[in-house]
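Look at the sequence and the structure before reading on.

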Amino acid sequence: MTAIINASRDPDCLMCLTAHADGSWWSPLRPDSAPWISTPRNFLSEPMRWYELSDVAGSIDSGDDFTVCFRTKWFSHPGGATWLPFGNSPYDFRINSQGSIYWYCSAGRTAGQAQISMMVPGFSVNTAGIYEIRASVTGDIAALYVAELDDSGHVLRSASSQATVVERQAPTGAAYMVSQFPGTILEAWITRNGRRIWSYPSHAEYLRLFTRSAMRTDRGVFEAANPAAPWTLKTAVPAGNAGTVLTKLNGAVVTNPAQWNRSTATFHGAAGDRLEWLYVSGKALTAGQIAGFQ
């Protein structure tokens, strides 16, 4: 790991990417190698499956207090039911076609319900705008808060609802659902007993330095989230760059791997591929320079 990070400091390095900490971009940011102004992910054209989030959410125990918060921007009317960010247990935010927000949670149950079941009456999010949706369980109180915000983050209107949790229980297993809607998630986070345990977006996602699809990083490599399906890693490297591309792929250093598409600056991993790091140079490296990566 030290050698590849040191190599990222080379002035000709356009990108040095490792799987550390959910994906880390080590190379310097320069105008010719990465965008300075981020373009938020449009979840309609770039849906996301929340693997890490679902696993983290499922780790909260029956005695833990927790808060789940999402700040979203609707580009247009959602046009139908929306799951934010995922459906099924342990937490399920549903926005129906009328814009009403429902929250279901398997970490406990409210009176007359098999699980925590809540909504905020009289508040809809079915128009373009910025909204914050926050749910929590503290002691025996479950709360759901919804607000519409202006571009500066000031609250334009808000509403909330509370219910007594008559039983706390361990959350059931997570389901890796997909968020797909005409908008973006500006910020999201989960706390457990007052400490943040997950947040979105990462620095790299915020700047769109790389965009992951159908992959996981929690085992120290970029690999398929579904062992039977391919995955992709799209980067902000200038399209068509002719420099040398190096990877540590399936335990070996590979020069100019076939999985790298120069025209789209995207790595296309097969179901069994395990990528430790990806290095892209702006020039052709010599054999001696390549040997330094071994």
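## Contacts and overall make-up

Among contacts between residues at least 6 apart in sequence, 62% join residues at least 24 apart. The model in which these contacts were counted is predicted.

The protein has four helices and 24 strands. It has 294 residues, and 47% of them count as buried. Its accessible surface comes to about 13,200 Å², and carbon and sulfur atoms account for 51% of that area.

Strands in a sheet are held in pairs by backbone hydrogen bonds, and the pairing is either parallel or antiparallel.

L233 stands opposite F267 of β23.

## Glycine 243

G243 is found in the loop between β19 and β20 (245-249). Is G243 buried or exposed? G243 is buried, because its relative accessible area is 1% and the cut-off for buried is under 20%.

Which residues does G243 touch, leaving aside those up to four places away in sequence? They are N256, R262, S281, G282, K283 and A284. Of these, R262 is 19 residues from G243 along the chain, and the C-alpha atoms of the two are separated by 9.5 Å.

Definitions and conventions:
Residues numbered from 1 in each chain as written. Predicted model: local features only at pLDDT ≥ 70, side-chain atom pairs only at ≥ 80, totals over all residues. Heavy atoms only, no water. Helix = DSSP H or I, 4+ residues; strand = E, 2+ residues; numbered from the N terminus. Buried < 20%, exposed > 50% of the residue type's maximum accessible area, 1.4 Å probe, protein only. Contact = heavy atoms within 4.5 Å. Areas by Shrake-Rupley, 256 points an atom, 1.4 Å probe, with all protein chains shown as cover. Pairing = 2+ DSSP bridges.
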